[in-house]
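The sequence and the model come before the text.

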Amino acid sequence: MKQSALVLFLALPLLGCADMNATQAPPDPNTQMAALETRIAALTEEQRLKIDPNAKQLTLDPELTRIARARAADMAAKNYLAHAAPNGDTSATLLMAQDAKFQGLLGENLAAQHYLKQSGVDVEQFAQRFLDEWMKSQPHRENMAFADYDRTGVGAAVNGDTVYVAQLFASDLGIKADRDPNSGVTQFPSAEAARSAGNTGEAPADPLRLRGAEGWAN
């Protein structure tokens, strides 16, 4: 069965890390990815509430976390940063493969940071850099701060000298779950644009699947 989706995509460039003061061998970065995911989720929640105290609280969603981790791992393994994998997979197609009944808005922010092997990955510094860069980008900031999102999932992976991160956000936007899906994926420049299109009937009506944004951090 074909599924229908509405999509928004964003992008940012690479961040460099230049901490040269390490005095001992740092931990294996692979062992720090779970902590980095947790810290990014926490900082995102803090920023959302600063921007809009009435924004819905984000709940960590296991399904979104699995997909975010799969996206980050694939980017790390294949050395790319893009909303679509070389084989065409996106967070949208992965989610619909897992949950054919998903309806609503999915947002995706992607980013990557270089690190120096002698310095390793400082979880607090890296998490803050990711958030700082997203906050500097209006589309990423809007995606992260969209008040109707109520679920999130973060994935982080490392390969060579680069850490890749994917963060997903989701909301059903009150869309009814008993509509038949239409084919196709529709992209929008922002979550607000996707929601407006759904409200006015400009987007496929059965059902609304508003997909997320992605990006590099530089």
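A residue is called buried under 20% relative accessible area, exposed over 50%, and partly exposed in between (1.4 Å probe, protein chains only). At 35% relative accessibility, aspartate 132 therefore counts as partly exposed.

## Basis of the description

This is a predicted model, in which local features need pLDDT of at least 70 and side-chain atom pairs count only at pLDDT 80 or more, while totals for chains, interfaces and linings use all residues. Residues are numbered from 1 along each chain as its sequence is written, and side-chain values use heavy atoms, with hydrogens and water left out.

## Overall fold

The protein has six helices and seven strands. Helices (H or I, at least four residues) and strands (E, at least two) are DSSP runs, numbered from the N terminus. Their order along the sequence is β-α-β-α-α-β-α-α-β-β-β-α-β.

Of the 218 residues, 50% are buried. The accessible surface is about 9,800 Å², and carbon and sulfur atoms account for 50% of it; such areas come from the Shrake-Rupley method with a 1.4 Å probe, and for residues only the protein chains shown count as cover. A contact means heavy atoms within 4.5 Å. Among contacts between residues at least 6 apart in sequence, 81% join residues at least 24 apart.

Two strands are taken to pair if DSSP finds at least two bridges between them. Strand 2 (residues 59-60) runs parallel to strand 4, with two bridges joining them; threonine 59 stands opposite arginine 151 in strand 4. Strand 4 and strand 5 run antiparallel and are joined by nine bridges. Valine 154 has glutamine 167 of strand 5 as its bridge partner. These two strands form a hairpin with two residues between them, and glycine 160 in the turn has a positive phi of about 60°.

Strand 5 also pairs with strand 3, in the antiparallel sense, over ten bridges. In this pairing leucine 110 stands opposite alanine 166 of strand 5. Ten of the eleven residues of strand 3 are buried, so the rest of the structure largely encloses this strand. Strand 4 (residues 151-159) is mostly covered as well, with seven of its nine residues buried.

## Helix 2

The expected span of a helix is 1.5 Å times one less than its number of residues. For the 17 residues of helix 2 (residues 62-78) this gives 24 Å, which agrees with the 24 Å between its end C-alpha atoms. At the start of helix 2, a side-chain oxygen of aspartate 61 comes within 2.9 Å of the backbone nitrogen of glutamate 63. Just after the helix, asparagine 79 takes a positive phi of about 60°.

The buried residues of helix 2 include Leu64, Ile67, Ala68, Ala72, Met75 and Ala76, and also Glu63, Arg71 and Asp74. Their cover includes helix 3 (91-98), strand 3, strand 4 and strand 5.

Helix 4 (residues 123-136) has 14 residues and should span 20 Å at 1.5 Å a residue; its end C-alpha atoms are 20 Å apart, which agrees. Aspartate 122 caps the N-terminal end of helix 4, with a side-chain oxygen 3.2 Å from the backbone nitrogen of glutamate 124. Val123, Phe126, Ala127, Phe130, Leu131, Glu133, Trp134 and Met135 are buried in this helix. They pack against helix 1 (33-51), strand 3 (104-114), helix 5 (138-145) and strand 5 (162-171).

The partly exposed aspartate 132 also belongs to helix 4. In helix 5, His140, Asn143, Met144 and Ala145 are buried, and they pack against helix 1, strand 3, helix 4 and strand 5.

## Nonpolar cores

A nonpolar core is a set of buried Ala, Val, Leu, Ile, Met, Phe, Trp, Tyr and Cys residues joined through side-chain atoms within 4.5 Å. In the largest core, of 26 residues, Leu36, Ile40, Phe130, Trp134, Val163 and Val165 touch the most other members. Helix 1, strand 3, helix 4, strand 4 and strand 5 each supply at least two residues of this core. Helix 4 gives the largest share, seven residues.

Another core, of 19 residues, lies apart from it, and Ala76, Leu81, Phe102 and Leu110 are among its members. In soluble globular proteins, nonpolar side chains tend to be buried together.

Methods: Polar contact = N/O pair within 3.5 Å; in protein donor to acceptor, adjacent residues only side chain to side chain.
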